[in-house]
Amino acid sequence: MKNSLIWLCLLVTATMFSQEKYSVSGTIKDGKNGETLFGATVYLKGTTNGAVTNEYGFYSITAPKGTYTLIVSFLGYENVSKEITLDVDQTVNFEIKEASTSLETVVIEAEESERVNIRKPQMSVSKLNAATIKQMPVVLGEVDVIKSIQMLPGVTNGGEGTAGFNVRGGAADQNLVLLDEAIIYNTSHFFGFFSVFNADAIKDIKLYKGDIPAKFGGRISSVLDVRQKDGNSKNLEVNGGVGLISSRLAVEGPMFNKKGSFLVAGRTSYAHLFMPLIQEIKDDKISFYDLNLKTNYEINENNRIYLSGYFGRDIFDISKFIKNRYGNASANLRWNHVFNEKLFSNLSLIYSKYDYRIVLDFIKLDWVADIKNFNLKYDLRYYASDKLKLDFGVSGITYDFNPGEVKPTDPSSSINFRKLDQKRAFEAAAYISVEHELTDKLTAQYGLRFSTFSRLGGQVLSDYANNQPVVYNDEIGIYEEGEEIGTTDYKKSESIKTFANFDPRLGLSYQLNDDSSVKASYTRSVQYVHLLSNTVSVTPVDVWAPSGRYIEPQKSNQYAVGYYRNFKDKTYSLELEAYYKNVDNRIDYIDGSDLIGTNNIETEILNGEARAYGLEILFRKNLGKFKGWFAYTLSKSEQRALGGNAGGPGINRGNWYNTPYDRTHDFSVTGTYDFNDKWKFSANFVYQTGRPVTYPNGQYEYEGLSIASFDERNANRLPAYHRLDLSAIYTPGKNKNRRWQSEWVFGLYNAYARRNAASISFTQDFDTGVNEARRLSIFGSVIPSITYNFKF
């Protein structure tokens, strides 16, 4: 027995020494411009040890002591290999070269990061590269990130001229939109026709529709993570474009003796310059502009700082009627630090602001409002071993809500000065997430996020009888404001109400073979801020409000399962996902609610619940002259609001009803065809079930007036929405050795002139007394465009 124990100890000791492990880490960059590459594969030849670079191009691999061939692979780039002896922890950086060169990064390269990863447990994530987005047909030739992601399964919006987007049956305010980690509250220009993201300044885009990583919080539907380019650290580069209504210019180049780089990208519209030529609108003005800035500096091999910013503004003036200004501003100061071969960190100080101003000349009213926040966050990634990786961090966000200040623009105005109560809040969070390879086939990603939210004092709140800000009037059958019995004055040092929540996250992936896998996930999310709007689309005057005494935070549980497969050496790929999501404390608005200028918003809403479920299919062709994808979503999204503490039957008699963003069928096809070196063609087709609306079901006479009556909320639908877009890209004199490169982009938006209904209103003809329905369409004809792009 004693001898057996001795031999066992010797065997364990020998095994431990034989399995002595070391780490190799580093950064992968583009050899031409110095941009870090996100999604590049780094692995040790002949082993299963490998890694994928993070958002900053960093990788780390741990393996037993020995001699290996380290290989870097990124489709569209030349593979690079290097012999290494792994007997100490070491750093190995790479700069890899493109396999070919063109005006924009070839789309085949972009698809490496867009493909589904069979092995990783991450699911319900869609990825697009700027090069892919630039080839898709767009309205008026303006490349649009938001319109591009709407061609993916599970993503819709309200149609033309509507801002924001909806993911898996969720509302627009349930999406966390980040630009270099800064929150963007309004993603649109021109009231939804274009997005605020300039494709010339964008590196890559990730949309998390479910299985949201624990490092993200604050929204319950999705996370759109948009990353700006760092800037060319090798050479000075200029690119831009001239279109029918807007132009853009981006300049990037090295700084600090090539230890850093900068990017300055601007975009502006000039439709307002032509308005004076048309007598009817000669005094009107409609325009937008935005500016992207970024710079970085490499202090040493283990430390780099980044400074980025975004500034955008829309101007909408109708002479002697209305003036509207709105826009976003953000800034981010980041510090990347590599502690060692296993530990990577990122410290960020972030500022975001969204503000708007409306001047109504006809009543001499001036209204300004804004929301701003500061965010300090510290994220770390620890590469514990080749089978275990940890992400963890902390964050704190301060919110300052200014819902509005109303003042007269003229002494003769009947408008009285009024300032709505300013609201403050603080949100803190800590998280940990683990990616764990349990077996050769089974990988798990599990984590926990803990968050607290404090509605801070400094204002006077109304108190209501029986704590009922809304009550049901049985006599007339409507909800109305509750009885105010007093007020409570909260000091700035007080907390009005504090919430705390744990959000578990879990993802599993089981690899069936080298080309297919099944995955499952569960995501718990909490949202503490709410967009107060009773319109279908996001508008510039919508007001954000925090949770508090009368508004509970929204809480969501999402479950998803999926099947993923690559075909013919990854030429084709299939993603099939099913999901179910339920939401508690989803607010809805009582009939006849008035949100504009309302200080006590709790008197206009009821707490409710929502649910959504569906099936998503995404089939891609990744290689060859013809590339593209087919996307289909079959889904249902509905909600209800019971009377609860307010009494009564609730909204819609307490029955479930369609949300405004419910689309039963959503079908889209996107394709590009490389005809030759000079011509490239692309097309989009989209079909969606019509948006839910509420039509009148009758009318009655009252004091000589005809008044419509309504039945079930959102029980009717607009006609189905469908559209075909076409584009052609012509590249004259294409030569990779030429300094000046250019291309012409020709587009047809709404190619068969479909008159999709934006709304249908019901009115009465004053002359005949006949009721009539009027259909409003934003586009009723083909919209051609032409854009000239250049680069040198």
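Here is a quick tour of some strands, ring contacts and surface spots in this structure. Keep in mind that the model is predicted. One stop is an open sheet of five strands with mixed pairing, and another is the set of aromatic pairs, which comes to 38. There is also a nonpolar surface patch of about 320 Å².

**The five-strand open sheet**

- Reading across the sheet, the strand order is β9-β16-β17-β12-β13, and the pairing is mixed.
- The edges belong to β9 (125–129) and β13 (182–183); each has a single partner strand, so one side of each is left without a neighbour in the sheet.
- For β9, that partner is β16 (residues 202–208): the two run antiparallel and are joined by five bridges.
- If you want a spot to look at in that pairing, V125 stands opposite Y208 in β16.
- As a reminder, strands of a sheet pair through backbone hydrogen bonds, and they can do so parallel or antiparallel.

**Strand β18 and its two partners**

- Is β18 (residues 237–242) mostly covered or mostly open? It is mostly covered, with five of its six residues buried.
- On the β19 side (residues 246–255), six bridges hold the two strands together, and they run antiparallel.
- Getting from β18 to β19 takes a hairpin of three residues.
- Within that pairing, N239 has A250 of β19 as its bridge partner.
- β18 also pairs with β53 (residues 783–791), again antiparallel, this time through four bridges.
- Here you can look for G241, whose bridge partner in β53 is N789.

**Aromatic pairs**

- The count of aromatic pairs is 38. Take Y399 and F453: their ring centres are 6.2 Å apart and their planes sit at 50 degrees, so this pair is tilted.
- Y399 is in strand β26 (residues 388–408) and F453 is in strand β29 (residues 442–456), so the contact ties together parts that are 54 residues apart in sequence.
- Elsewhere, ring pairs link Y56, F58, Y306, F344 and Y383 into a cluster.

**Arginines over rings**

- Which residue lies over the face of Y306? That is R334, at 5.0 Å from the ring centre; Y306 is also a member of the ring cluster with Y56, F58, F344 and Y383.
- R611 is placed over the face of W656, at 3.9 Å from the ring centre.

**Surface spots**

- The nonpolar patch of about 320 Å² is made by L244, W744, F746 and I786.
- F746, one of those four residues, is in strand β50 (residues 741–749).
- Why does F746 count as partly exposed? Its relative accessible area is 33%, which falls between the under-20% cut-off for buried and the over-50% cut-off for exposed.
- D440 sits in the loop between β28 (423–437) and β29, and it is exposed, with a relative accessible area of 58%.
- The C-alpha atoms of D440 and T48 are separated by 9.1 Å, though the two residues are 392 residues apart along the chain.

Technical notes. Residues numbered from 1 in each chain as written. Predicted model: local features only at pLDDT ≥ 70, side-chain atom pairs only at ≥ 80, totals over all residues. Heavy atoms only, no water. Pairing = 2+ DSSP bridges. Patch = residues over 30% accessible without salt bridge, like charges linked within 9 Å, V, L, I, M, F, W, Y side chains within 5 Å. Areas by Shrake-Rupley, 256 points an atom, 1.4 Å probe, with all protein chains shown as cover. Salt bridge = Lys/Arg side-chain N within 4 Å of Asp/Glu carboxyl O. Buried < 20%, exposed > 50% of the residue type's maximum accessible area, 1.4 Å probe, protein only. Phe/Tyr/Trp six-rings, centres within 6.5 Å; stacked < 30°, edge-to-face > 60°. Lys NZ or Arg CZ within 6 Å of the ring centre and 35° of its normal.
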